[in-house]
Every structure is written in C-alpha cells, then in structure tokens.
Amino acid sequence: MDVSLLLDDLNPAQREAVMAPAGHQLILAGAGSGKTRVLVHRIAWMIQVEQRSPYSIMAVTFTNKAAKEMRHRLDELFQQTGQPISIHTIWVGTFHGLAHRLLKAHWQDANLPQNFQILDSDDQLRLIKRVYQALQIDEDKWPPKQAQWFINEQKDEGRRAKHIQETTDPFIRTMRKIYQTYEDDCQRGGMIDFAEILLRAHELWLNKPHLLEHYRNRFNFILVDEFQDTNSVQYAWLRVLAGKSSFVTAVGDDDQSIYGWRGAKIENIRKFSEDFSPCQIIRLEQNYRSTGNILHAANSVIANNLGRLGKELWTDGEKGEPISLYAAYNEQDEARFIVERIQSWISQGKRRSESAILYRSNAQSRALEEALLREAIPYRIYGGQRFYDRLEIKNAVAYLRLLNNPHDDAAFERVINTPTRGIGDKTLEDIRVVARSENISLWAAAGQLILRKHFAARASNAIETFMQMILQLQKDLCAPNEADELPALDFIAETVLDKTGLLAFHQNEKGEKGQARGENLQELIAACRAFETEDDAPILQQFLDTAALDAGDAQAEEFEDAVQLMTLHSAKGLEFPLVFLAGVEEGLFPHKMSIDDPDGIEEERRLCYVGITRAMQKLFITYAETRRLHGTESFNRVSRFVKEIPTDCIDEVRLKTAITRPVTYQQPSSKFTLKDEGEDTGFKLGQKVSHAIFGEGVILQFEGKGPNSVVEVKFAKIGKKRLVMQYAKLQAI
Ligand code: ATP
Ligand code: MG
C-alpha cells in the first residue's frame, strides 16, 4: 500500500509520533495541535504498515461520541488506503464502556449476576436514601448527596468501605456505615453504579490473575486520548493491564484538565513518564484549528496559571476576525444577541451544526433554548436534561428493566406506584423492611408479604395485579414465540407502554407537559426501532445497557442540522467554526463555588482555555449585567478571564450597533410587547439613568405603548421598579 497516504497530511513532529517504534509514548500538546489526529493515524499505521493485529490494540477516549468519531475516522483512513478492515475488531471506547464490556464477558469472575444493571446517578441517590431509612440516619444532618459524593470519591480512589480506617470522626464513621450498607444492597440486587464499573474492572485484574494474563497477552498496544482527565482507578487499571509487556501511548494536555471535581488527577499526566519508563515524549506546537486571534487569546488566558508543564502554541494561519465581546443587560438580551448572530451566519449559507453555544452551567440553556425556539432554529442540547434523564423515559426504562430482571430494586421502587395504583408509602415501607431483614429483593419481599397475608385486601390486590402484569409481559415479550423468534424491541417497548398504562398516564398530564412527555415516549419507541444489536445477547438487555451508558455520557446523537448547545465540560475535544461563550461573568464563570480556592480558579481557567480553543474561525464572548438563574437575580461583573485576553484581539460590540432593529417578540407569559427601545422616549435598554428619588439604575425593559407605557428599571439602592414613563422623569447618565 501507499504509506504516504497515512503521512501526507501530518507535520514532522506528528509523523514522528505516528511512526515511532514500539514503546511508551507521551504526546503532550496544546489544544488543536492534532493529538487526536495523531492517535488515529498511529493506530492505522500499526495495523497497515507494521502489520499488527487489530486485536492487539485498545483505544480509550473520553466520551462515547468521541469513540464513535474515532471509529469513523479509522474507517475512512482504511478505506482510503484501499485495505478496509472490520473496525469492530479494535477495542475502542471510554474507560467505562470498555470496563463494562469486560464485566459483561466475565460476570462470574466479577461476582455479578449475568443481567447486572447499571445505576445512574439518580438511581444511586434513591438507593442511598433507602439506606438512610434503614439505618435511621438523619438526612438533614448528613445530606444524602454528600454521602453519594463520598461513596463515589472512595470508589474513584479504589477504596471499598472495608478499606476505610476506623476512626472517631463522626462524619467518616457515618459515611463508612452508609457506604458499607449501600455496597451490600447493590451486591444483593446485582446493581452497579458508574464508579463501581471501573472499580470492579480493576479488581478483576487483581483477583483473577489468569484473566489479567490473557488480556495482557492480547492488548500489546493501548492508546489513551484526553489522558489529563483520568482518575486514580483508571490509571491503576491501565497500569496493571499494561504490565511489563504492553506499550501505552498517552495523549493529553495538562491545560485541559477539567474534571478534578470528579476525581480526575492532573498528576497522572505528570507522572506518566516515570511510571511508564522509558518513555518518548513528543510535543506538538503548531495549532491547526483556530485563527491567530483566538489562539493568542487562549494562550494569554492560560498563561495566568501556575505550575503548568508549559507549552506555547502557534499557528501560521490567518489572524482572523477579532473576538467579539458583548455586554448584555440580561440573559434574554444575551440569548437574543446570540440567536441573531447565528441567523446571520446561516444566511451566509453556513450550516447550523457548525455553530456552538457553550456555557458553564446547565441551567443557562433554558433562556438560550427559548430564544432559538422563538426563531424556529433547530438546536440540539448535549448534557443537561438528556433524553434518558427525563422522568417519563426513566419510568419507561424502569419497566423494561423489571421485565429483564424483576429483582432490580431501583426499577421496582420507581414504578410500583407509577401510574398510581393505590400502593401507599406504608405498604412500600413494609416491603422494604422485609427485604432488608431477609436479605431479599423488593420483588421477592412483596411476594412473601402477599403469601403471608400481611396486607389488607386492597393493597394486596394492587400489588398482586402489578406483579401479575409484569410476569405476563415477561412471558409475552421476553420468551421466543412458536416460530422461535423474540419480539422486536420496538414492539416490546410499545406493548409495555400500553399495557402498563404509562403512556396514557403521561399523556394525560396537564397541558404541554403531557404532550411533551407523550412525544418523548414515542421517541423512545422510535429509538428502540432504530436500535442495532451488537452481539447475540438478548436485545432488551443490550438496549438497557446502552441506554444506561448513554445516560452517563454527556453526549447525544445528532439527527439534523442543528445549533449545538452544551456545557463547556462536554465540549472537550470538539471543534466548531463559530463559537459563543455565554455567561462569562464573575460568579458564574469562574463559578462562585471555586472563587475562593486558588486550585478551583485554575481549573476554571483551564475550562476557559478549553472553551476558547473550540473556536476555529469566530468567537463571541457574552456576559449579562443582570441574570436570572434558578429563580434568583444577580448582578455580575465581567469575568476576570475576559480581562486576561489582550485588548488587541478583542472587539467590543456596542449596544447601539447590537440592537439596530426594534425587535419585538411576545413573551409566552406576558401580555406586553417587549421592545429594545421605548418608542420616542429617547432611552434604550440597558441604559444607565437616574431618578429624583430612587437614584441611579439601569433600564431593563419597556412595556406597552403610548403615554402609559411602562419602563422597568433596576435601581442600585432599592432594586427593581416599574414606573410609568411619562411620570418617571428619568435622566440619562
Ligand atoms: P484537543 O486538544 O482540542 O483535543 P487535538 O490536539 O486533539 O485538540 P485535533 O482535533 O486532532 O487536535 O486536530 C485539530 C484540528 O486540526 C482538526 O481539524 C485536525 O483535522 C486539524 N489538523 C491536525 N493536524 C493537521 C495537519 N498536520 N494538517 C492539517 N490539519 C491538521
Ligand atoms: Mg483531541
């Protein structure tokens, strides 16, 4: 084959990395320098030129979306070189995905039931709350979320409850007790949470030497992207797997480590070259993604962090347009400004999916979504209220889980009384007590209590009907028919939604909510129809596993050309021609929880670096002087990060030019027409004014027309006031 096809579009440093002889490698380079590209080309090189078996290669990325992208790129490369191979022979996935695959293959060795179920973070919290009840721990004194953090943190560090030392510290003692009981409950129900997936996979290596040996012999080459965000368990898992005979290529950027709050250890990238020695270190310094201005801004911001491994990025591309900074007067103005810019982008014939709006906090998306909806611009949200996080979808999936395994306690709890069947808290509590004391599942406990005639007739009937229904569905849908065929997945879903009454229940909820929930459930059926099997395990089980893994990922699928909305965290590794960083204000970004902590500020700054470097051609930064978030209003200054950008690469968009046309739109709940300018008043939105009595303030909005038009002003001293324009006698300042 023609080797040059794999090398042509690489620079000398990249080529060196791709062609390097077998050995440990650390590719340490800044954003957009082609790290991911090198990783993909190296895999192709090893298979096509060095003739290594695809079976001997494992590639780890950060999200399922990135894994898909990597497979896709590999496939393309193989097509180009005229030697296509089956891409599925290479293990490509996230740490969670690969660990899950191992646990599936070796469930017995991992001490799990074959149909073990993954718990998402909601399920986990619910389970923890049950532990609280059983142990009679006060939720006010020790918030369950704190226990959830504690447990996950311990697992990320590879510690089980029994590893936590005895202490007199009441906090640790309580948490340890909760952790232990939670562990027992999970084991009994065959359930594993996200952190557990990794921990179990690691323990598999430690406890089953023959398995470890097998995989050590198999995976001679392990390549890891986004290495800076590995946590302790992942690092340990990798180290053990690599042993003395496998070679690891680690690819990363210490400046993009943004998951410290979730246990990621930036030190991992620092100590890699010692732990995996001898190790060739390769640095890439040319950036191919962003314009000169964008890159200059990113470099200047990150330069304010201490203790970096240190690297400068350069580009020989154009300087490009300056970064535009827009000071909005509130979050709605911000959203509208962004949408206007997207419209003008689309009107130039560009694709919507080339634009992305990035924000620090999920809750920010709502205002942006509303503005996009108003203009009927399709958009897609990554993270936040993801599909599988929605209440109705979780209910539906819980039914499917019960069908798959009636002893799934989390699923049982979720739907036993949804739709309402008159099974009260007291009844459920009785079931829990028996489950706990006899160490059986809720399903089994419910059965026992019916046999023992524990309940009054009504409750007993309700539970029995529920259990009969599940068993009947299981019989109808999970067993082969006369023709020895299993029903199709969408048929299963549709039947379950119908027979359990769940679809009708959600559709009948009041107003738009009912409609939206009904639509979402229909979408679930569609997702089932489109679902492709990967192996010959029962399709329902495969689907449930995929759904659980997807829900834990901050990504979703793309279906149409749509503007991309996501948190800065989930934007890692991606790139877009047009990027908006929204809400770049002190208190929001950097987030107020990090503001007093120097390490916290540095992580926020890395996040800002990640955000800026997502942009290829044009970057907008916006902030709002007042913002309503989670129902409270705040006044914020522009973020310190904006001030760290050299003024010569920023262009401030002035209000006046930003709002040239009197945009009118109807707020759903308001009978007023909001306008940017009070007609004939001579004032503008966001303008600073003074009032004889109330002092100085800022105009937030105009309502109505004519002599009785109203102006809303936020006064520095007394807060918001609505005044009739003609009597207010405001003075511009
Ligand atoms: P990040 O740190 O954000 O993950 P990265 O270092 O992984 O970035 P890539 O995504 O691999 O960078 O590459 C960034 C962009 O530059 C991509 O569009 C890629 O195709 C392009 N690119 C990389 N190397 C070259 C090259 N030698 N010639 C032309 N384009 C390149
Ligand atoms: Mg990358």
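## A loop residue to begin with

Gln 51 has its place in the loop between α3 and β2, where helices (H or I, at least four residues) and strands (E, at least two) are DSSP runs, numbered from the N terminus. The phi angle of Gln 51 is near 60°, which is a positive value in a residue other than glycine.

This is a predicted model, in which local features need pLDDT of at least 70 and side-chain atom pairs count only at pLDDT 80 or more, while totals for chains, interfaces and linings use all residues. Residues are numbered from 1 along each chain as its sequence is written, chains are lettered from A and ligands numbered from 1 in the order in which they are written, and side-chain values use heavy atoms, with hydrogens and water left out.

Phe 221 has Phe 247 as its bridge partner in β7.

In another open sheet, 7 strands are arranged in the order β11-β12-β10-β13-β14-β9-β17, with parallel pairing. Because β11 (379–381) and β17 (650–653) stand at the edges with a single partner strand each, one side of each is left without a neighbour in the sheet. The twist in this sheet averages 20° from one strand to the next.

Strand β9 (residues 323–328) pairs with strand β14 (residues 615–624) in the parallel sense over 5 bridges, and the bridge partner of Ser 324 in β14 is Phe 620. Helix α14 (residues 331–347) lies across several strands, including β9, β10 (355–359) and β12 (563–567), and runs at about 160° to β14.

## A hairpin

Strands β22 and β23 form a hairpin, with 3 residues between them. The two strands, β22 (residues 710–715) and β23 (residues 719–724), run antiparallel and are joined by 6 bridges. Lys 714 has Lys 720 as its bridge partner in β23.

## The surroundings of ligand 1

Which residues are the closest to ligand 1? Among the 19 residues that surround ligand 1, the closest are Lys 35, Thr 36, Gln 256, Glu 575 and Arg 614, where a residue is near a molecule or strand if one of its heavy atoms lies within 4 Å of it. Helix α3 (residues 35–48) gives the most to this shell, with 3 residues. By class, the shell has 3 nonpolar, 9 polar and 7 charged residues; Ala, Val, Leu, Ile, Met, Phe, Trp, Tyr, Cys and Pro count as nonpolar, Asp, Glu, Lys and Arg as charged, and the others, Gly among them, as polar.

A nitrogen atom of ligand 1 is 3.1 Å from a polar backbone atom of Asp 9, and a nitrogen atom of the ligand is 2.8 Å from an N or O atom in the side chain of Gln 14. An oxygen atom of ligand 1 is 2.8 Å from an N or O atom in the side chain of Arg 614. The protein covers 86% of the 640 Å² of accessible area that ligand 1 has on its own, with areas from the Shrake-Rupley method and a 1.4 Å probe; for residues, only the protein chains shown count as cover.

## Two cis peptide bonds

Ser 277 and Pro 278 are joined by a cis peptide bond, with omega about -5°, and Pro 278 is found in the loop between α12 (267–275) and β8. The peptide bond from Thr 418 to Pro 419 is also cis, with omega near -10°, and Pro 419 lies in the loop between α17 (409–415) and α18 (425–438).

Conventions: Two strands pair if DSSP finds at least two bridges between them. Axes are lines fitted to C-alpha atoms, for helices over the stretch in contact, and angles run from 0 to 180 degrees between N-to-C directions. Contact means heavy atoms within 4.5 Å. A polar contact is a pair of N or O atoms within 3.5 Å; within protein, one must be able to donate a hydrogen and the other to accept it, and residues adjacent in sequence count only if both atoms are side-chain atoms.
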